[in-house]
Amino acid sequence: MENKKKETGRRAKAVGVGLWLFLLLFLTLSLIWAAVHFGRIGMDEILFTLNMPLEGSGSGFVQAFLLQALLPAVLLAAAALGAAFAYRRKNPRRAEKKSRKRLVLLAAVWTVLLLAAAEVEFSFLGFFKNQLNRSTFIEEEYVDPGSVQLEFPAKKRNLVWIMMESGESSNQDKANGGLFDVNYTPELTQIAKDNVSFSQSQLLEGAAVAPACGWTVAGMVAQFSGLPLKLYKYEGGMGADNSMGKYEQFLPGVTALGDILEDEGYKNYYMLGSAAKFGGQDTLMRQHGNYTIWDHTAARREKFIPNDYFVWWGMEDKKLFDYAKEKLTEISKNPEPFNFYCITIDTHNGGGYVCPLCRNEHPEQYGNVWSCSSRQVNEFVEWLKEQPFYENTTVIITGDHCSMESGFYAGYPSDKHHGGTVRKVYNAILNPAKQPDAKAEKDRRFTTLDFFPTALSALGVEIQGERLGLGTNLFSGSPTLSEEYGYEKLFDELDRKSDFYNEQFLYAQKEQ
């Protein structure tokens, strides 16, 4: 009986060791997988993604994670456990004496190395430190759009906003402000040269990316509301708050671009090639401007694509732009002004999507995809210029954030934790209602937060004080927060916990 109890205890310990080994292997392989596929992303994005439904994500990413992280962890843990059992049977006494010390030492060393790697790649410890270090910066600098006068022109202009997935000015050649010897996006370069394009220099260097603005939904929030996307609440413990995981309300206390335009009689439309449920985009857009949403699901429902059609994240950009042309032709005939916003997907990290329009002109697949995207955006812009509604329409082209295709930009970090603001987000404004003030377009310091008031100004809106949210109207030449405080100070403050942000934006009760 005693022997049976001992044997049962040994087996329980063995199972515990196996689970422990699997967990360490799984976390290690997951960290490696994330670093390879997404580069040095921040904890803001990691925790946001963990709180989000995966519906609508590219199937290739889920499969890659299962094959490259989860499955190897299971197999390696099983193999190690099997080897340990075999060794124990051959050397029972020797194994008993030495195994405990070896396991404790291995656990300690492995844990330390794992934490160190997490800090290097994702600023793991810095993130949690910032949540204990409160800041009043947002409270002091935020300008509520409801508290300032916004004067629209008598004849309101339409807005077409093309947001490019991972769209960087960095994709250009060095002569134009990019990072490379070759220009992967010559058409986008020419569009920027021929129109308004705000820059950090006399070349074409776009917007820096502030903390909690560096993934698609956060990029949308930044550019539509002048705020970062901070979804964490730390009261009585540490951890990501999951109240928005259900997405009953998305930043209920925020006044965004769609809210303002809806109040001014605009009809808002949002088009994307993936599923709008991913990242809570559908909730964000419906609750902040009552956008009509045309996504991959809508395209199938309307028979624009076959019911079983699915490539990459849903449908590729070629079909997206064809769908956009069809819908713009329809809505432009309506009497009210329209705000049509669409976001591309082919240039998502993971190598991008090689569509039939792509050419084999560069050694890198991602470079070929970007060159193809540049041509497609240019073709769509040329189509817009030929439409009868274009005369009274402003077109804005921006990236949502810097790319996470880490290998393509090796040596060129994108965020403040790993090198500052070397890489920039593309921007161009076509057919604006006004031109920038003298010296307002070049040699600026600005982030994607500044696109919020700048977009309204491009529509001819006069903004009292030239500030909205944490953004500054770049047309005015007024100093941005980046220019007033410097990037380091601004980014440090935005990294820290803000009680004001939680109370006023995240957990506010939205008026019905």
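Predicted model: local features only at pLDDT ≥ 70, side-chain atom pairs only at ≥ 80, totals over all residues.
I started with what covers helix α7 (residues 186-194): its buried residues are L188, T189, I191 and A192, and the cover includes β2 (158-164), α13 (365-385), β6 (393-399) and β7 (427-430). Buried means under 20% relative accessible area, exposed over 50%, and partly exposed in between (1.4 Å probe, protein chains only). I take contact as heavy atoms within 4.5 Å, and helices (H or I, at least four residues) and strands (E, at least two) as DSSP runs numbered from the N terminus. Down the axis of α7, the buried residues fall within an arc of 160 degrees, so they line one face of the helix; the arc is that of the directions from the helix axis to the C-beta atoms.

Residues are numbered from 1 along each chain as its sequence is written, and side-chain values use heavy atoms, with hydrogens and water left out.

Next, I looked up salt bridges (a side-chain nitrogen of Lys or Arg within 4 Å of a carboxyl oxygen of Asp or Glu). The count comes to 20. E264 and K156 pair at 2.9 Å, N to O, and they link distant parts of the chain, 108 residues apart. E264 is partly exposed at 28%, and K156 is partly exposed at 24%.

I also checked E316 with K319, whose closest N and O atoms are 3.3 Å apart. Here E316 is buried at 3% relative accessibility, while K319 is partly exposed at 23%.
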